[in-house]
Amino acid sequence: MPLVESAWLAGEIGSEHVEVLAGARKPRWVKAFERDEQVLVGWATGLSFRKFSQKVAYWVIDNAPEDAEQKAQSQRDQRTLHHSQSYESMWFMNGTFDPISGQIIADVLGRIEKELFDQDWAAAKEALGRE
(Lines give C-alpha, C1' and ligand atoms only; values in the text may rest on other atoms or scores of the structure.)
Protein backbone atom coordinates (compact mmCIF):
# COMPACT_ATOMS: atom_id res chain seq x y z
CA MET A 1 0.00 0.00 0.00
CA PRO A 2 2.55 2.61 -1.10
CA LEU A 3 0.13 5.53 -1.33
CA VAL A 4 -1.35 4.71 2.08
CA GLU A 5 2.15 4.57 3.53
CA SER A 6 3.12 7.90 1.97
CA ALA A 7 -0.01 9.62 3.27
CA TRP A 8 0.53 8.17 6.74
CA LEU A 9 4.22 9.16 6.87
CA ALA A 10 3.30 12.67 5.69
CA GLY A 11 0.76 12.95 8.52
CA GLU A 12 -2.13 13.29 6.09
CA ILE A 13 -3.95 10.28 7.55
CA GLY A 14 -3.92 8.63 10.95
CA SER A 15 -3.31 5.07 12.01
CA GLU A 16 -7.09 4.59 12.19
CA HIS A 17 -7.32 5.31 8.46
CA VAL A 18 -4.48 2.87 7.78
CA GLU A 19 -6.28 0.20 9.80
CA VAL A 20 -9.49 0.64 7.79
CA LEU A 21 -7.59 0.55 4.51
CA ALA A 22 -5.52 -2.48 5.52
CA GLY A 23 -8.76 -4.24 6.44
CA ALA A 24 -10.11 -3.48 2.98
CA ARG A 25 -7.05 -4.94 1.23
CA LYS A 26 -7.92 -8.63 1.20
CA PRO A 27 -5.98 -11.16 -0.89
CA ARG A 28 -9.03 -11.96 -3.02
CA TRP A 29 -9.39 -8.39 -4.26
CA VAL A 30 -5.89 -6.97 -3.91
CA LYS A 31 -5.84 -5.97 -7.61
CA ALA A 32 -8.96 -3.86 -7.09
CA PHE A 33 -7.31 -2.22 -4.07
CA GLU A 34 -4.18 -1.45 -6.09
CA ARG A 35 -6.34 -0.04 -8.89
CA ASP A 36 -8.31 2.21 -6.49
CA GLU A 37 -5.68 3.01 -3.85
CA GLN A 38 -5.43 6.66 -4.92
CA VAL A 39 -9.21 7.09 -4.63
CA LEU A 40 -9.26 5.35 -1.23
CA VAL A 41 -6.45 7.55 0.11
CA GLY A 42 -8.29 10.58 -1.27
CA TRP A 43 -11.32 9.62 0.79
CA ALA A 44 -9.10 9.22 3.85
CA THR A 45 -7.61 12.70 3.44
CA GLY A 46 -10.73 14.52 2.34
CA LEU A 47 -13.64 13.13 4.34
CA SER A 48 -14.59 12.86 7.98
CA PHE A 49 -13.52 9.54 9.45
CA ARG A 50 -17.11 8.36 9.60
CA LYS A 51 -17.80 9.17 5.94
CA PHE A 52 -14.45 7.68 4.93
CA SER A 53 -15.24 4.44 6.77
CA GLN A 54 -18.67 4.26 5.12
CA LYS A 55 -17.23 4.84 1.65
CA VAL A 56 -14.61 2.12 2.18
CA ALA A 57 -17.32 -0.27 3.41
CA TYR A 58 -19.31 0.40 0.23
CA TRP A 59 -16.15 -0.07 -1.83
CA VAL A 60 -15.66 -3.48 -0.23
CA ILE A 61 -19.27 -4.43 -1.02
CA ASP A 62 -18.79 -3.37 -4.64
CA ASN A 63 -15.59 -5.40 -4.96
CA ALA A 64 -16.58 -8.49 -2.97
CA PRO A 65 -20.37 -8.74 -2.66
CA GLU A 66 -20.23 -12.39 -1.55
CA ASP A 67 -17.94 -11.46 1.37
CA ALA A 68 -20.21 -8.58 2.31
CA GLU A 69 -23.23 -10.89 2.36
CA GLN A 70 -21.38 -13.40 4.55
CA LYS A 71 -20.44 -10.59 6.95
CA ALA A 72 -24.02 -9.31 7.01
CA GLN A 73 -25.33 -12.79 7.75
CA SER A 74 -22.77 -13.20 10.54
CA GLN A 75 -23.90 -9.89 12.04
CA ARG A 76 -27.55 -10.95 11.83
CA ASP A 77 -26.68 -14.25 13.51
CA GLN A 78 -25.10 -12.36 16.43
CA ARG A 79 -28.22 -10.32 17.24
CA THR A 80 -29.47 -10.60 20.79
CA LEU A 81 -32.06 -8.92 22.97
CA HIS A 82 -32.68 -9.43 26.64
CA HIS A 83 -35.64 -7.69 28.30
CA SER A 84 -36.75 -8.55 31.81
CA GLN A 85 -38.38 -7.13 34.89
CA SER A 86 -36.76 -7.19 38.32
CA TYR A 87 -38.49 -8.24 41.51
CA GLU A 88 -38.85 -4.50 42.32
CA SER A 89 -40.65 -3.89 39.00
CA MET A 90 -37.64 -2.20 37.37
CA TRP A 91 -37.04 -3.10 33.73
CA PHE A 92 -33.75 -4.11 32.14
CA MET A 93 -32.88 -4.29 28.47
CA ASN A 94 -29.67 -5.14 26.70
CA GLY A 95 -29.14 -5.99 23.05
CA THR A 96 -26.79 -6.36 20.14
CA PHE A 97 -28.04 -5.55 16.66
CA ASP A 98 -26.74 -5.76 13.11
CA PRO A 99 -26.31 -2.38 11.33
CA ILE A 100 -29.71 -2.41 9.63
CA SER A 101 -31.71 -3.53 12.68
CA GLY A 102 -29.80 -1.08 14.85
CA GLN A 103 -30.55 1.80 12.48
CA ILE A 104 -34.25 0.88 12.38
CA ILE A 105 -34.39 0.88 16.18
CA ALA A 106 -32.48 4.19 16.37
CA ASP A 107 -34.86 5.78 13.84
CA VAL A 108 -38.00 4.62 15.65
CA LEU A 109 -36.69 5.70 19.07
CA GLY A 110 -35.58 9.02 17.56
CA ARG A 111 -39.09 9.67 16.23
CA ILE A 112 -40.62 8.81 19.60
CA GLU A 113 -38.11 11.05 21.40
CA LYS A 114 -38.88 13.96 19.02
CA GLU A 115 -42.62 13.49 19.50
CA LEU A 116 -42.26 13.49 23.30
CA PHE A 117 -39.92 16.49 23.20
CA ASP A 118 -42.33 18.44 20.98
CA GLN A 119 -45.17 17.65 23.40
CA ASP A 120 -43.08 18.77 26.39
CA TRP A 121 -41.98 21.92 24.58
CA ALA A 122 -45.58 22.82 23.68
CA ALA A 123 -46.70 22.21 27.28
CA ALA A 124 -43.85 24.37 28.63
CA LYS A 125 -44.67 27.20 26.21
CA GLU A 126 -48.34 27.04 27.20
CA ALA A 127 -47.57 26.91 30.93
CA LEU A 128 -45.09 29.81 30.74
CA GLY A 129 -47.02 31.82 28.19
CA ARG A 130 -43.97 32.54 26.04
CA GLU A 131 -41.85 31.07 23.30
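How many aromatic pairs does the count come to? Hello everyone, let's start there. This is a predicted model, and in it the count comes to 3 aromatic pairs. I'll show you two of them.

A quick reminder before we look: a pair of aromatic rings is described by the distance of the centres and the angle of the planes.

Take Phe33 and Trp59. Their rings sit edge-to-face, at 6.1 Å centre to centre and with 85° between the planes. This pair links distant parts of the chain, since Phe33 belongs to helix 3 (residues 30-46) and Trp59 to helix 4 (residues 49-63), 26 residues apart. Both Phe33 and Trp59 are buried.

Now for Phe49 and Phe52. Here the centres are 5.9 Å apart and the planes meet at 50°, so we call the pair tilted. These two residues are 3 apart in helix 4, which means about one helical turn separates them. How exposed is each one? Phe52 is buried, at a relative accessible area of 0%, while Phe49 has 37% relative accessibility and therefore counts as partly exposed.

Let's move to the surface. Leu81, Met93, Phe97, Ile100, Ile104, Ile105, Val108, Leu109, Ile112 and Leu116 make up a nonpolar patch there, with about 950 Å² of accessible area together. Helix 6 (residues 99-128) gives the largest share, 7 residues. Met93 lies in strand 2 (residues 91-96), and it counts as exposed because its relative accessibility is 60%.

One last stop: Gly23, in helix 2 (residues 15-24). With 38% relative accessibility, Gly23 is partly exposed. Its C-alpha atom is 9.9 Å from that of Ala57, 34 residues apart along the chain.

Notes: Residues numbered from 1 in each chain as written. Predicted model: local features only at pLDDT ≥ 70, side-chain atom pairs only at ≥ 80, totals over all residues. Heavy atoms only, no water. Patch = residues over 30% accessible without salt bridge, like charges linked within 9 Å, V, L, I, M, F, W, Y side chains within 5 Å. Areas by Shrake-Rupley, 256 points an atom, 1.4 Å probe, with all protein chains shown as cover. Salt bridge = Lys/Arg side-chain N within 4 Å of Asp/Glu carboxyl O. Helix = DSSP H or I, 4+ residues; strand = E, 2+ residues; numbered from the N terminus. Buried < 20%, exposed > 50% of the residue type's maximum accessible area, 1.4 Å probe, protein only. Phe/Tyr/Trp six-rings, centres within 6.5 Å; stacked < 30°, edge-to-face > 60°.
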